Amino acid sequence: MPHSRLGFIGIGLMGDPMSRRLSDAGFDVTLWNRSPEKAAAVAADSSARLADDVASLIQSVDVIMLCLANTEVVQELVFGPDGLAEHGRQGQLVIDLSSSDPDATRHMAATLAERRGMRWVDAPVSGGVVGAEAGTLAIMCGGEDHDIDAARPLLEPLAARITHMGPVGSGQVTKLCNQMIVGCQAAVIAEAVALAETSGVDASRLTEALAGGFADSTPLRILAPRMAASDFASPPWHLRTLLKDLDMAVTQGGRTLSATPMSGLAAQLMRAHAAHGHGESDPATLVETYRQA
């Protein structure tokens with residue numbers, strides 16, 4: 001759909017580079033963000049335009065991409081004043097790049113289809129800011145076959161891999177599985193780095209020593225060096241975001257009678273850390289909870 005007019009809502013850590021890539025790829029992009037200065041910065045560096053408000057953006061585009069902080073913010077965009085449920089129109093496609101609750105996603109999609117004749121693809125992403133900047137994200141999608149086919153050309157500038165996982169909501173369930181693995185790894189990497197340090201081993205060499213072995217992973221390569229160096233400035237992601245996703249995973253496990261003990265423990269460790277003022281910090285700061293005073 002290269003000719004389609006694209007609206008992009010949510011210019012945060014991930015939305016900024018993704019919207020830039022879409023504009024650079026030649027799409028007709030209109031931006032809106034709750035903090036207008038972030039959208040203005042992207043528009044100043046690209047061909048993207050700014051919308052005065054959400055309603056005018058919805059009315060002027062064919063496809064609406066959402067990249068928002070959590071389920072509640074997505075719901076506000078859908079059901080709030082001047083939102084999608086009020087101004088959306090027949091045939092418009094919503095692509096939700098946010099990490100949202102699967103049940104809420106299915107409800108929003110069904111409501112917009114019934115009220116407005118709109119279509120929905122949930123397309124949460126993995127790969128972080130680096131992946132968003134490079135266009136190498138992994139995108140896991142839920143939706144009807146024809147809607148995924150329509151969304152794919154829009155997602156290709158952002159992704160190294162786009163996988164259709166099933167009907168609406170399936171992409172969000174897949175993202176929860178991703179975050180369960182990432183969250184549990186983050187927790188145990190903190191333990192491993194602290195154990196190396198207290199045992200007199202240079203923790204900065206863990207990634208080198210474990211490269212290519214069974215313990216090697218992207219979280220290890222990102223987190224372990226930052227933990228070992230206590231390099232917590234300019235975090236590429238926030239602990240609160242990972243905690244939010246782990247909580248959703250545990251909730252989804254409760255709905256489906258699927259046990260999630262490891263994810264639940266990782267969530268509790270992160271909740272305790274967030275309660276001490278680290279919600280906006282890099283998850284790498286988890287190592288501080290294990291270091292001796």
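Let's start with a polar contact: the side chains of Asp96 and Ser100 come within 3.3 Å of each other. A polar contact here is a pair of N or O atoms within 3.5 Å; within protein, one must be able to donate a hydrogen and the other to accept it, and residues adjacent in sequence count only if both atoms are side-chain atoms.

This is a predicted model, where local features need pLDDT of at least 70, side-chain atom pairs count only at pLDDT 80 or more, and totals for chains, interfaces and linings use all residues. Residues are numbered from 1 along each chain as its sequence is written, and side-chain values use heavy atoms, leaving out hydrogens and water.

Back to Asp96, which sits in strand β5 (residues 93-96). Strands (E, at least two residues) and helices (H or I, at least four) are DSSP runs, numbered from the N terminus. Asp96 is buried but has no salt bridge, and Lys244, the nearest side chain of opposite charge, is 9.3 Å away. Buried means under 20% relative accessible area, exposed over 50%, and partly exposed in between (1.4 Å probe, protein chains only). For charge, Lys and Arg count as positive and Asp and Glu as negative, while His and the chain ends are not counted. Leaving aside residues up to four places away in sequence, Asp96 touches, among others, Leu66, Trp120, Asp122 and Gln172; contact means heavy atoms within 4.5 Å.

Elsewhere, salt bridges do turn up: the whole structure has 19. Each is a side-chain nitrogen of Lys or Arg within 4 Å of a carboxyl oxygen of Asp or Glu. Here are some of the pairs.

| Asp28 | Arg49 | 2.6 Å |

Asp28 is partly exposed at 29% relative accessible area, and so is Arg49 at 43%. Glu208 is exposed at 52%, whereas Arg205 is partly exposed at 48%. In the last pair, Glu288 is partly exposed at 37% and Arg291 is partly exposed at 21%. Salt bridges that share partners also join Asp101, Asp103, Arg106 and Arg255 into one network.

Finally, helix α1 (residues 15-24) has Gly15, Pro17, Met18, Ser19, Leu22 and Ser23 as its buried residues. After α1 comes Gly26, with a positive phi near 100 degrees.
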